[in-house]
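Please read it alongside the structure shown here.

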Amino acid sequence: MKYVMLIYCVLSGLASYAQTVANVDVSISMPSVALVDILPSGSNSVTLQMTAPTEAGNTVGTGSSNNTNWLIFTSAVTSGGSRSIKGDVVGTLPTGIRLRLDVSAYVGSGLGFTGGNSYVTANKYLTNTPVSFIDNIKGAYTGITYGSNGFQLTYSLEIQDYANIRSGTSNVTVRYTMADN
Amino acid sequence: MKYIIAICIASLSAFAASAQTISINSGTTWSIPSLSSTITKAGKNYEHIETSSASQTLLKVNALLAWSITAHLSATSNWDSSLKLSVQRTGNGTGIAILTGGTTYIQLTSTPQAFFSGLLNLTASRDNIPIQYKIEGLSVMLPVKTYTTTVTYTISGL
């Protein structure tokens with residue numbers, strides 16, 4: 001009989017261990033994010049022009065440039081995933097003229113711009129075909145303060161084919177797209 | 001005489017065993033399938049904290065005299081340490097025991113930490129003790145996926 005009691009004691013002890021712990025499962029899903037925007041100084045519009053020569057025989061002067069726009073973005077990707085920001089022109093550029101885009105290195109207080117992430121590519125010209133200007137974007141956010149967060153964009157015009165240059169005015173739209181690689 | 005001693009030991013053992021148990025009346029999970037706030041402007045990171053209802057989990061404690069509860073993360077293989085999960089006790093529930101501590105958030109780690117304690121249950125249960133959770137450290141730097149962990153409450157004492 002005393003052995004029965006002893007077993008009962010042990011079983012009771014074991015039972016107490018089984019009830020001294022309670023568990024709660026917690027889960028949180030982090031979503032994909034892909035947002036890109038342009039921060040202008042005032043208006044998004046940029047006006048560029050080539051300077052006409054004042055003396056016969058001289059070349060067309062250097063085109064003007066504009067660096068008042070900044071590109072900002074936020075990205076969240078899956079592990080191993082990456083994105084790029086591509087730019088293209090919607091509309092028709094003047095013949096004989098190239099639209100150049102220089103993207104400055106990232107500045108600001110955001111994260112995701114070191115170790116080869118979100119690097120500026122060597123592409124320089126905007127055409128009707130989207131090309132990557134910033135690549136290997138993973139988790140990153142630039143910050144939103146104009147002039148101190150993001151990638152400064154400098155637009156300029158270059159002569160591509162002198163013979164095709166015609167006088168006139170053209171309006172085009174530059175479109176930036178953040179796309180999965 | 002031996003029988004009496006054995007019966008006494010058995011009774012005391014059973015009593016002690018039943019004198020410290022913890023269970024969950026409701027809220028064995030806290031799931032956030034979609035964040036309560038999204039990023040609406042390019043360039044920004046998350047700026048909010050995910051917070052559960054004030055009584056997300058209702059704990060039930062059976063004990064005799066003095067007991068304490070610890071809390072820790074018992075499963076962290078699918079969690080990220082930058083996600084800071086905290087718990088707090090938002091009320092006393094019902095019962096006669098005197099509860100102490102746990103009324104401000106403590107950030108959980110994989111090491112058990114003192115959460116709150118109680119005195120003088122006198123075999124009555126302290127029921128429906130409300131527990132609230134929050135998660136800080138949300139960031140787009142975290143890879144996109146569902147993160148899971150387990151909060152383990154452990155009771156000790158008498």
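Two residues are in contact if their C-beta atoms, placed from the backbone, lie within 7 Å. The model is predicted: local features need pLDDT of at least 70, side-chain atom pairs count only at pLDDT 80 or more, and totals for chains, interfaces and linings use all residues. Residues are numbered from 1 along each chain as its sequence is written, and chains are lettered from A, and ligands numbered from 1, in the order in which they are written.

**Chain B**

- Of the contacts in chain B between residues at least 6 apart in sequence, 81% join residues at least 24 apart.
- Chain B has one helix and 11 strands; helices (H or I, at least four residues) and strands (E, at least two) are DSSP runs, numbered from the N terminus.
- The order of elements in chain B from the N terminus is α-β-β-β-β-β-β-β-β-β-β-β.
- Chain B has 158 residues, of which 29% are buried. A residue is buried if 20 or more other C-beta atoms lie within 10 Å of its own, exposed if 12 or fewer, and partly exposed in between, with C-beta atoms placed from the backbone.

**Contact between chains A and B**

- Chain A contributes 45 residues to the contact and chain B contributes 55 residues.
- On the side of chain A that touches chain B, at least two residues each come from α1 (2-18), β1 (21-30), β2 (33-39), β3 (65-76) and β9 (140-141) of chain A.
- β1(A) gives the largest share of that side, 10 residues.
- β1(A) and strand β2 (residues 29-32) of chain B run parallel and are joined by four bridges; two strands pair if DSSP finds at least two bridges between them.
- A:S27 lies opposite B:S31 of β2(B).

**Sheet in chain A**

- An open sheet of four strands has the order β6-β8-β4-β11 (chain A), with antiparallel pairing.
- β6 (119-120) and β11 (173-180) of chain A are the edge strands, each pairing on one side only.
- Eight bridges link strand β4 (residues 83-90) of chain A to β11(A) in the antiparallel sense.
- A:V90 has A:T173 in β11(A) as its bridge partner.

**A:Y106**

- A:Y106 sits in the loop between β5 (97-103) and β6 of chain A.
- Why is A:Y106 classed as buried? A:Y106 is buried because 22 other C-beta atoms lie within 10 Å.
- Beyond its neighbours within four places in sequence, A:Y106 is in contact with A:F113, A:S118, A:T142 and A:F151.
- A:Y106 and A:L35 are 71 residues apart along the chain, and their C-alpha atoms are separated by 16 Å.
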